[in-house]
Amino acid sequence: MRTKIVAGNWKMNKNEEESNQLIKAIQNEISTVNLSNTRVIVCPPFVNLSAASKTAKDSKIEVAAQNMHEAKNGAYTGEISADMLNSLGVSTVIIGHSERREYFNETDEVLSAKLKAVLENNMEAIFCFGEKLSERKTDNHLLEVGNQLRNTLFDLKAEDFKNIILAYEPVWAIGTGETASPEQAQEMHSFVRNVVAKNFGDEVANNISILYGGSVKPSNAKEIFSQKDVDGGLIGGASLNANDFAAIIKAI
Ligand code: PGA
């Protein structure tokens, strides 16, 4: 059975105290929820990771990072390495979020290097991809996502996928209030699973968790999560509120 995952991407929100409070509030909300086969992950900003890891210790909540540099160490002002994250007990990291691609020029080439660094350091990646509105409108969404996957995943080995969570995030649905319909999400998730099956075999494809991200909220989570190939969500805005995030977790 595939693992279900609800991950909260906090982006550049919450200071240390707010971050700890939010983790405690989420934990409170989900303390009686049966989470067998379901992982709950939150991704605070780098500076809050150390405190957040301590706050989340012994809880049902895992703490992950939003980004990582591909180099081992060196003169990369402002960047954070795998070893730094590992030393805090943080071993999962989002790679390839569309905001990193768009605002920080992270190309497929850079993301491929980041993914390799994650895997070489025995960490786990939540790897994001998705099409822009213009590509969706011209019916090129499958082609675009197929290209992104080819450029970043195809030179990996089947065993690497044990440490990869995929996240389909249509750029037009992120932070816009607009969500992919359950059918649009299912179409893409099934396409992605087929691409993985073709290149790495059925076992890898059947076991990999594919999350949907883009304006998931309590009111639409259940319908999206009910789709056959949707194994959970990567939640932005709604993950900043404990009630909303807990409601989404309960919808899985
Ligand atoms: P959103 O963000 O839920 O606010 O649309 C999703 C994401 O960027 O991961």
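Which residue takes a positive phi just after α8? G201 does, with a phi of about 100 degrees.

## Basis of the model

The structure is a predicted model, in which local features need pLDDT of at least 70 and side-chain atom pairs count only at pLDDT 80 or more, while totals for chains, interfaces and linings use all residues. Residues are numbered from 1 along each chain as its sequence is written, and side-chain values use heavy atoms, with hydrogens and water left out.

Helices (H or I, at least four residues) and strands (E, at least two) are DSSP runs, numbered from the N terminus.

## Helix α8

Helix α8 covers residues 182-200. Its 19 residues should span 27 Å at 1.5 Å a residue, and the end C-alpha atoms are 26 Å apart, which agrees. The expected span is 1.5 Å times one less than the number of residues.

The buried residues of α8 are P182, A185, Q186, M188, H189, V192, R193, V195, V196, A197 and F200. Buried means under 20% relative accessible area, exposed means over 50%, and partly exposed lies in between (1.4 Å probe, protein chains only). The cover over these buried residues includes the strands β5 (124-129), β6 (164-168) and β7 (210-213). It also includes the helices α7, α9 (202-207) and α10 (218-225).

## Packing of α7 on α8

Two packed helices are described by the angle between their axes and the distance between the axes. Axes are lines fitted to C-alpha atoms, for helices over the stretch in contact, and angles run from 0 to 180 degrees between N-to-C directions. For α7 and α8, the axes come within 11 Å and cross at roughly 40 degrees. The crossing is right-handed; a crossing has this hand if the near helix is turned clockwise from the far one by less than a right angle, and is left-handed if anticlockwise.

On the α7 side, H141, L142, V145, G146, L149 and L153 meet E187, M188, F191, V192, V195 and F200 of α8. Contact means heavy atoms within 4.5 Å. By class, the contact residues are nine nonpolar, two polar and one charged. Ala, Val, Leu, Ile, Met, Phe, Trp, Tyr, Cys and Pro count as nonpolar, Asp, Glu, Lys and Arg as charged, and the others, Gly among them, as polar.

## Packing of α5 on α7

Helix α5 (residues 108-120) and α7 have axes that come within 8 Å and cross at roughly 50 degrees. That angle makes α5 oblique to α7. Angles under 35 degrees count as roughly parallel, over 145 as roughly antiparallel, 65 to 115 as roughly perpendicular and the rest as oblique. The crossing of α5 and α7 is right-handed. D108, L111, S112 and L115 of α5 make the contact with N147, Q148, N151, T152 and L153 of α7. These residues comprise three nonpolar, five polar and one charged.

D108 lies in α5 and counts as buried at 19% relative accessibility. Leaving out residues up to four places away in sequence, D108 touches R101, N147, Q148, N151 and T152. D108 and T152 are 44 residues apart in sequence, and their C-alpha atoms are 5.9 Å apart. K114, found in α5, is buried with a relative accessible area of 3%. With residues up to four places away in sequence not counted, K114 touches N67, M68, E70, I95 and E106.

## Packing of α1 on α2

Helix α1 (residues 16-30) and helix α2 (residues 49-56) pack at about 25 degrees, with their axes 9 Å apart. This makes α1 roughly parallel to α2. The crossing of α1 past α2 is right-handed. E16, S19, N20, I23 and K24 of α1 make the contact with A51, A52, T55 and A56 of α2. The contact residues divide into four nonpolar, three polar and two charged.

## Exposed sites

D58 is in the loop between α2 and β3 (61-63) and is exposed, with a relative accessible area of 77%. D139 is in the loop between α6 (133-137) and α7 (141-153) and is exposed at 59%.

S87 belongs to helix α3 (residues 82-87) and is exposed, with a relative accessible area of 59%. S87 and S50 are 37 residues apart in sequence and 9.4 Å apart in space, C-alpha to C-alpha.
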